[in-house]
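Open the model in your viewer and keep the selection tool at hand. This tour moves from stop to stop.

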Amino acid sequence: MANPDPESQSLEILPMAVLATIMTKLDVPSICSVASTCKTFKACASHILSFLPNFHLLDIAPSIDLLRPLLPRNPYLRTLKVDCKRLDDSAIDSLIRPSLRELCLHNCSDFSGRLLSEVGARCKGLRSLFLSSVAEKRGRSIHVSDLEELLNGCTELETLILMFDVSTFLRHNFARVWALACAKLTSLEIGYISSLMVTELLSPTVGPNQPPNNIKTSILPSIHKLCLSVDYITDTMVGTISRNLNSLSYLDLRDAPIIEPTVAFDLTNSGLQQINPNGKLKHLSLIRSQEFVTTCFKRVNDLGVLLMADRCSSMESICLGGFCRVTDTGFKTILHSCSKLYKFRVSHGTQLTDLVFLDISATSLSLTHASLRWCNLLTNHAIMRLASNMDLSSLDLRDCRNLGDESLRAIGTLPKLRTLLLDGSDISDLGLSYLKQRVISSLISLSIRGCKRLTDKCISSLFEGSSALILQELDLSNLPNLSDTGILLLARSRVPITELRMRQCPLIGDTSVMALASMQVHGDWCRGSSLRLLDLYNCGGITQLAFQWLKKPYFPRLRWLGVTGNVNRDLVDALARSRPFLHVACRGEELGTGQWDNSDEMYFHDYEEVDELEQWLLEGDDETDDEEMEAAENVAELVG
């Protein structure tokens, strides 16, 4: 047996108090990683979990048996964030603590409404609450009384985010229950609610046993931030919000109609004119999604935008989606009226052209975020003008199909750019080379999905000769000319990518998977592939051989994997069983966490060849899982 590492021995002889102090500086996954190395560290980890103030475990979805030892009695716990995909009501006692000030529970589909009532009963000092997908699984239910107990019990609540459908609550009690909400509540976000319920909720009503002229004051008087997803954005709802929430500075409304709205259930110029009556609004987002039907705000034109712009001089962020009747006149008015604007986003701007940005350099604007998705009339000239904003850090030009290499030449001068999305544009390998000089060194996220002219040379155009890159997210999906050769070049570049999407690439095969599994990145802090997300859905060359390289110990950090399920369902199922914390998607769904389920922080860990977090939690289950995988492979070989 090899002698123990002298450095490990020296650490083990440190006093427990010193070790505990060091460990408290780590996040929970890192603590678990350290705990798997020796008995001394494991004992210390178990000890500090009883006084750790913050517990964040969103990378994996633990079962209750795995969660209990990680959450012992801890009177000092203030912040708890957990992915509850594998939990149900039996985990409530482990999760709900009186000491909590912030609680964030994702994917609570197997919980009932009891989760809300227990939070209200036990977490009296809670300041911030996030709950998503509560009771969405069949057989689970949630009642308005559960919401009532939550709002009545949490008397210190300042931020409430309910990412699930609250329209199932009984309407006649809904407004009454919200009257119990804490007066300190300043931020409210709801996953789905009908516009009619919003109107009834915020409309002042006559108090009980009071004369008709005695009108109750509006509920939620302190709300500064309101984010709602509704069935229809209407004039009535917008007017009610504007009149009754006098402190509002952040308004985000999104709808997804299932049929074409009638005039009574739509936003018109009159509704836009009612926005921001007090001039306090800093952020405005009005989005019409085309998820169910192809529709837009057909009753809003330039006049409505002009009327709204009169009250928007202090706006800092404006996002408009689906305003198909608004022309350059309306959009240009926004840019010239809002001198403090730093975020400007337009989607489905079917009449927006280059003229909007013709004299943008003459304004006092200093944009940091610009998004012009599905604005198909834009050409290179617009981007050349837009690039005069040298502080741009995020640029979304997805589905602007007339943009080419000259746009990239202009974009290549932006020194602070961190996010660049170019899906579906008409760029070439040469155009991407314009990013190498200044932009590629600052980029964190790059998407060139569906840029049909790109070939393997685009990889060398971006990365050859570059060093110390910080790129973490790369989307190469739907590139018909990208092959294994390009991915080999990517692997040799040693870029620290954590999310790589290559779906719908017919020339990508097993060689790419093997190259990525062996990929190293610059720096000694990381061993093995750094990928946390890998999307290989419908890649034409993926066979059973690739699944050998998707097993442990390869891809030790992988949490999301997209494959084509009909390649070999037995292998897919066996892989999912062997890596229980790996989310395997095989139906073509987009990978990654949802809009409201993004982790606040990003950690980098010095993992060994196997994932110590899983190893410490599972303690010896790998052998059985590997046998299942091998059995599935043998069956596949026999069938083949």
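Start with the largest nonpolar core, which has 185 residues. Such a core is a set of buried Ala, Val, Leu, Ile, Met, Phe, Trp, Tyr and Cys residues joined through side-chain atoms within 4.5 Å. Buried means under 20% relative accessible area, with a 1.4 Å probe and protein chains only. Among the residues with the most contacts inside this core are Trp-178, Phe-357 and Leu-476.

A note before you go on: this is a predicted model, where local features need pLDDT of at least 70 and side-chain atom pairs count only at pLDDT 80 or more, while totals for chains, interfaces and linings use all residues. Residues are numbered from 1 along each chain as its sequence is written, and side-chain values use heavy atoms, without hydrogens and water.

Select Leu-476. Leaving aside neighbours within four places in sequence, its contacts (heavy atoms within 4.5 Å) include Ile-448, Leu-490, Arg-501 and Cys-505.

Next, helix H14, residues 328–337. Helices are DSSP runs (H or I) of at least four residues, strands (E) of at least two, numbered from the N terminus. Which H14 residues are buried? Asp-328, Gly-330, Phe-331, Thr-333, Ile-334 and Leu-335 are. They pack against helix H13 (302–309), strand E10 (317–321) and strand E11 (343–347).

Now find Arg-579, in the loop between helix H22 (569–578) and strand E20 (583–585). Is Arg-579 buried or exposed? Arg-579 counts as buried because its relative accessibility is 1%. Not counting residues up to four places away in sequence, Arg-579 touches Leu-550, Lys-551, Lys-552, Tyr-554, Phe-555, Pro-556 and Leu-558.

Notes:
Buried < 20%, exposed > 50% of the residue type's maximum accessible area, 1.4 Å probe, protein only.
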